[in-house]
Amino acid sequence: MRLLIIEDEKSLAEAMSQILTNAHYMVDLCFDGESGLELALTGIHDAIIIDLMLPKRSGFSVLEELRAEGLSTPVILLTARTNTSDKVRGLDSGADDYLTKPFTMAELMARIRALSRRRSVLVPATVLVAGNLELDMSTLCIQTPKQSYRLTLKEAQLLELFILNNNSTLDVQTLIDRIWGYDSEATGRHVQVYVSFLRKKLSLVDTSVRIETVRGIGYRLETHDSAPPEPASKEKIKQELKDV
Ligand code: CA
């Protein structure tokens, strides 16, 4: 289970991260609202903990933007205030729960466990669509009108990220940060290998969706209406040059 904590009090954020990591959660940390929102929008987290008072973008604003973008990841709000209007606004904006500071780590863990239990019941399966391809993140299956195939978790997370950024180039470092985590030891080679796994599986379901390599930068998901033209052979190019 991967968690995102958006909290600018670094000592608190790091203490939460440490305890959750010891409990075998994967944890990403962000210390301001803008980078927190960006990371949250990748959709790779199972729950997000958001502090209300944040630099660059408030916790409310992050939450509202996430829901406006259709992200249904459970959110716990952290608030230093006992003000009930904040709690009401938070719940109205789509938060699933809130914790008032100071809270104990045991309380935080209990809330996260409760959310993850509820998630499978309350949150509908997330199906993403690109061209004639559907990706169901609850089953990790890709499907076209003709066939379906099950991906591994990493492949599904990678494809999800590509679909959410359809037609935009994702650079290799962004892919590493978002799929493997900021502090991972993954390299461009890992990305290359997983992209090649993913391409093989996409070819099995006869989809118009392709992952193109953007030389020197990264990769981009493209939806083609038909098969791409065969790359021109050297002979053909030579012939064309002669013709000119
Ligand atoms: Ca704060």
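The points that follow concern a predicted model and take up a metal site, a helix and the cysteines.

1. The calcium ion has as its protein donors Asp-8 (OD), Asp-51 (OD) and Met-53 (O), at 2.1 to 2.3 Å. Along the sequence these donor residues follow the spacing D-x42-D-x1-M.

2. Helix α8 comprises 17 residues, 188-204. From first to last C-alpha the helix reaches 25 Å, close to the 24 Å expected at 1.5 Å a residue.

3. The buried residues of α8 are Val-191, Val-195, Leu-198, Lys-201 and Leu-202. Viewed down the helix axis, they fall within an arc of 125 degrees, and so they line one face of α8. Arg-189, Lys-200 and Ser-203 are exposed on the other side of α8.

4. After α8 comes Asp-206, which has a positive phi, near 60 degrees.

5. The count of disulfides is 0, where a pair of cysteine sulfur atoms would have to lie within 2.5 Å. As to the accessibility of individual cysteines, Cys-30 is buried, with a relative accessible area of 3%. Cys-141 is partly exposed, at 22%.

Methods
Residues are numbered from 1 along each chain as its sequence is written. This is a predicted model: local features need pLDDT of at least 70, side-chain atom pairs count only at pLDDT 80 or more; totals for chains, interfaces and linings use all residues. Side-chain values use heavy atoms; hydrogens and water are left out. Donors are N, O and S atoms within 2.8 Å of the metal (3.2 Å for Na, K and Ca); water is not among the atoms, so sites may look incomplete. Helices (H or I, at least four residues) and strands (E, at least two) are DSSP runs, numbered from the N terminus. The expected span of a helix is 1.5 Å times one less than its number of residues. Buried means under 20% relative accessible area, exposed over 50%, partly exposed in between (1.4 Å probe, protein chains only). The arc is that of the directions from the helix axis to the C-beta atoms.
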